[in-house]
Amino acid sequence: MQTFLYEDIVPLFPELTVATAAIVLLMVGVFRGDRSTRSLVWAAILALAGALAILVQEPERSVIVLRGMFVADPFALFAKVLILVGSGFALVMSISYIEREAMDRFEYPILILFATLGMMMMVSANNLISLYVGLELQSLALYVVAALRRDSLRSTEAGLKYFVLGALSSGLLLYGCSLIYGFTGTTSFDALTDVFTERGTQPSLGLLIGLIFLIAGLAFKVSAVPFHMWTPDVYEGAPTPVTAFFAVAPKVAAMALFLRAIIAPFAELTGQWQQVIVLISIASMLLGAFAAIHQTNIKRLMAYSSIGHMGFALVGLAAGTPEGVRGVLIYLAIYVAMNVGTFACILCMRQKDGMVESIADLSGLSRNHPVRAAFFALFLFSLAGIPPLAGFFAKFYIFVAAVNAGLYALAIIGVLASVVGAYYYLRIVKIMYFDAPAEPFVRPIGGEMTVVLGVTGAFTLFYVFYPAPLVAAAQTAAYALFP
Amino acid sequence: MLYAAIVFLPLLGAIAAGLFGRLIGVRASQLVTCLALTLSGVLATYGLYETAVVGPDKQQIVLFTWIVSGDFDVSWTLRIDTLTAVMLFTVTVISSIIHWYSIGYMAHDPHIPRFFAYLSLFTFAMLMLVTADNFLQLYFGWEGVGLCSYFLIGFWYDRPSANAAAIKAFVVNRVGDFGFALGIMAVFFTFNSINFDTVFAGAPAVAGKTFEFLGAEYDILTVTTLLLFIGAMGKSAQVPLHTWLPDAMEGPTPVSALIHAATMVTAGVFLVARCSPLFEYAPTTLAFVTVIGAFTAFFAATVGLVQNDIKRVIAYSTCSQLGYMFFACGVGAYSVAIFHLFTHAFFKALLFLGSGSVIHGFSDEQDMRRMGGVWRKMPVTYAVMWVGSLALAGVPFFAGYYSKDLIIESAFAAGTEVGYLAFYLGVGAALLTAFYSWRLLFMTFHGPTRAHHEVYEHVHESPKIMTVPLLLLAVGALFAGVAGYDAFVGDGRAAFWREAILVLPGRDVIEAAHHVPLWVKLLPIAIALAGIALAWQFYIRRTELPGALAKTHADLYTFLLNKWYFDELYDAIFVRPTKFLGRLLWHGGDGRIIDGFGPNGIAQVVIQLARRASLLQTGYLYHYAFAMLIGVAVLVTWLFTRTGGGAP
């Protein structure tokens, strides 16, 4: 009864590119086996780059296709660019790891592609159903990726934990969706917006509970407190390139989805969900700051760091204003750059006998590897939010938005939490620069790592001089959510 | 232009030697500062002639605006009247002589450019002080000389005693400066201006008016002038703020001569003279000034009797002479005070530089008990020390005779109770002055030597670069009195001072001082000669007498030797309680409370929280799932308590 028009397909080209590439590569992998892993990784990177190229060529507009399921607008564009860039960098960074650590399973790049596809669908979701489908596509791929090293106890444990808790969160999310559907009679975001504008301000009790369950499911994906418990274990247990991937693209996708699902459809309920977001935001910022202090494993520390950072990003969501959304988007962009850079440094922590991931192994890095130490310190300072590095501006936009929205307490707690958080970043800098040198790392780090470090480092360092393009893009993207 | 050059030439010298001393070298640093000062001195001599003899009443040279804020309007202005011109002349001439002398005295010091830069910078600050046209500019110079004094006392910064003395001088001066600052504020409060012209013109209208403070009425001018005088007491080492001056002798001897004898310490006297239009309307303050001055004159002379350090004797003598100047001001004889300031600058600089020459000759020995018997070995020094001492003791026709005797006569002529008190204390101090001056001379130069053999063999006359300045000062000590008498305090005084100093009609004690009874005129001379004779008896004829006297009057001797226990008293009253309070606030307040509850306490709490936060992460899957479900429950509860349910 319904025919798909060509025009309906055009906005889907980036997703179709990734999907097609994933299926083709899967076939290649099946027939050529693990020997082809290296070329598959490069092919996947090319596919992501191709999707990115198609994406940025699309005209800037808002179209809804697939019978209201899929929306292509500047907001989705912004998020997808970040997702593709993040996934691409994660793949690039894993190349040498795959070779040296013998993780040459051809499924790896393909799973990353499927996860990326899921994320792209997520951020373009315009319906609770398409939201869930995209989310699950992403999640299933991630569960497998986390447990990619089947022979490693830690890796399988991480994958299993992630899967069980993910299933629980999916249950919460679905329950929330069904409640919302039950009390409003629709799953479409557009229709939800209309429902509230027509009915007036008083929402029903069941709807609010449904909203909370929805938020809980989404909070799990961005690893916000108290749905964060999987994060440290999975970050530590998963292979390091996978951790780097986890820390970047899925976070961006989940946060974008969070914004998309909460801001526009439930705009009339801002007063209600704001309370909840403020609470989980504060909890995330504080836990991220305090729990990281005692960590000895750098990947675990980064897990808490990302919990904290998601807490900061949620501050912008709590503001509920275009300014706040813009802040979140800028935050995500800078977060991607900083985290890719930091994980590039962590992936360079290889001694003669293999990868190490203890903070103590970084002792005296500045004497053994001054350039690497300088880059690492740069990213850590930025993560701590010290001006004039990019990380400072990320926090700055967020806090300004919170203050303008009248959320003074939230802004103050956020600033205090970032002070506490600065401690554990600076502690690593201190260990690198002032402690007695430990066993040196292996060099060289490889050309692709140098490129990653250079690009992210330059962005972090020089953002202060040329912030306009990013701010303008984020601005356009943010206003797309406010009809 | 002329006066700006006088003031700023020393600054240029200071900058050249201070900032570029390493670049231009030692010799160039010395020459540039000495020549700048000498030029300044020559110009100041002409300036004194122009101002006092031919020139207009008063010049005000506006350099540029400093602060304009509402009613508060201050500019950098050079105020040139006779008082300023006299001070300019005194300061630049003495300072240039001391600069030249320092080339010889400091020849072996490793930090010569720094020393000369400080000396010149000090001179600049002093000149700013004396040319000030408002209280704030005066305060600038006041603090500038204080700062340079601190630098120079602590010049040998590797000596702990020098550092301690520098800090002591600075801190004690702060006490006075605090009063001075309050005084300036009181002036602004009263007159709504701090420019001298406005303030002095407004003084008669305010005389006798009162203001209320904490429920009591106070006379405005009395309070204001008292506060200003507290500043003067600090800078001019009057009891009880005198304790820093003897310790300041830790500095190099030329510094003692320039700063702690001839110029800086007289700033207080200058301040009182400059503010005579205010002080004249505050008789209570004047009485207070008289008492403080007279007491200081006597007190310092008694302490000077028993000191053994040659420089300390002269330091106490300075303190004592400043007391004379103050009680002269107190009885209304401001011009006599300035006259004494003028003559004193010459003979006291001479005495200091002479003692510097002695110290130099004795290989840096300062204790008179290890000197003696060298008058043939250093004839020039010996001769000029005699001249200086004669001038100090007020023996006729030397410089001090003209000024000091007139001060004593003025005190008598004032005819008030405090005047008589000052008169008797002044006469007593004159006896003591003569005695300790000749004690110094006899112990230093006469008798069998008590120096070590090698030291004694090595004793020699100082080089020409030191003796020529001594001779120049000796000329001043001989003739400054007779040359200036008529203009400063004689019949020409009205034409000389004009409006620079105000004395209310009917209070002209100088005129009265010229007509005191003969015995009053003769008494100081007689008593000075008696003092000299007594010293001869004690230290030449019967050298066992001092020891015997010290034994029979042991209590008095230790009392004097310990300088009336002022330092011990201050230590007990101020220093130790302050230290105790400081330690209490440091350990208890800062360490325990602020650090304990602040940085350290917060850090402790953070560590505890961090530990607990880490413990939350058990690793058990069911804990994690449980936390998620509890989380949902908490969020639901939170939402409904915060928004009141939101149900329709």
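Residues are numbered from 1 along each chain as its sequence is written, and chains are lettered from A in the order in which they are written. In this predicted model local features need pLDDT of at least 70 and side-chain atom pairs count only at pLDDT 80 or more, while totals for chains, interfaces and linings use all residues, and side-chain values use heavy atoms, with hydrogens and water left out.

**Exercise 1. Describe chain A and chain B by their helices, strands and buried residues.**

Step 1. Helices (H or I, at least four residues) and strands (E, at least two) are DSSP runs, numbered from the N terminus. By this rule chain A has 20 helices and four strands, and chain B has 27 helices and four strands.

Step 2. A residue is buried under 20% relative accessible area, exposed over 50%, and partly exposed in between, using a 1.4 Å probe and protein chains only. Of the 483 residues in chain A, 64% are buried, and of the 648 residues in chain B, 58% are buried.

**Exercise 2. Find the surroundings of Gln30(B) and say whether this residue is buried or exposed.**

Step 1. Gln30(B) belongs to helix α1 of chain B, which covers residues 2-54.

Step 2. Its relative accessible area is 3%, and therefore Gln30(B) counts as buried.

Step 3. Contact means heavy atoms within 4.5 Å. When neighbours within four places in sequence are set aside, Gln30(B) touches Ile103(B), Ile112(B) and Phe116(B).

**Exercise 3. Describe how chain A and chain B meet.**

Step 1. On the side of chain A there are 38 residues in contact with chain B, and they meet 30 residues of chain B.

Step 2. Buried area is the accessible area (1.4 Å probe) that two parts lose on being put together, summed over both. Between chain A and chain B this comes to about 3,000 Å², with 79% given by carbon and sulfur atoms.

Step 3. A salt bridge is a side-chain nitrogen of Lys or Arg within 4 Å of a carboxyl oxygen of Asp or Glu, and between chain A and chain B the count of these is zero. On chain A, the largest share of the side that touches chain B comes from α12(A), with nine residues.

**Exercise 4. Explain what the salt bridge between Arg154(A) and Glu357(A) joins.**

Step 1. The side chains of these two residues, Arg154(A) and Glu357(A), come together at 2.8 Å, N to O.

Step 2. Arg154(A) sits in helix α7 of chain A and Glu357(A) in the loop between β4 (354-355) and α15 (365-368), so the pair ties together parts that are 203 residues apart in sequence.

Step 3. Arg154(A) has 43% relative accessibility and is therefore partly exposed, whereas Glu357(A), at 17%, is buried.
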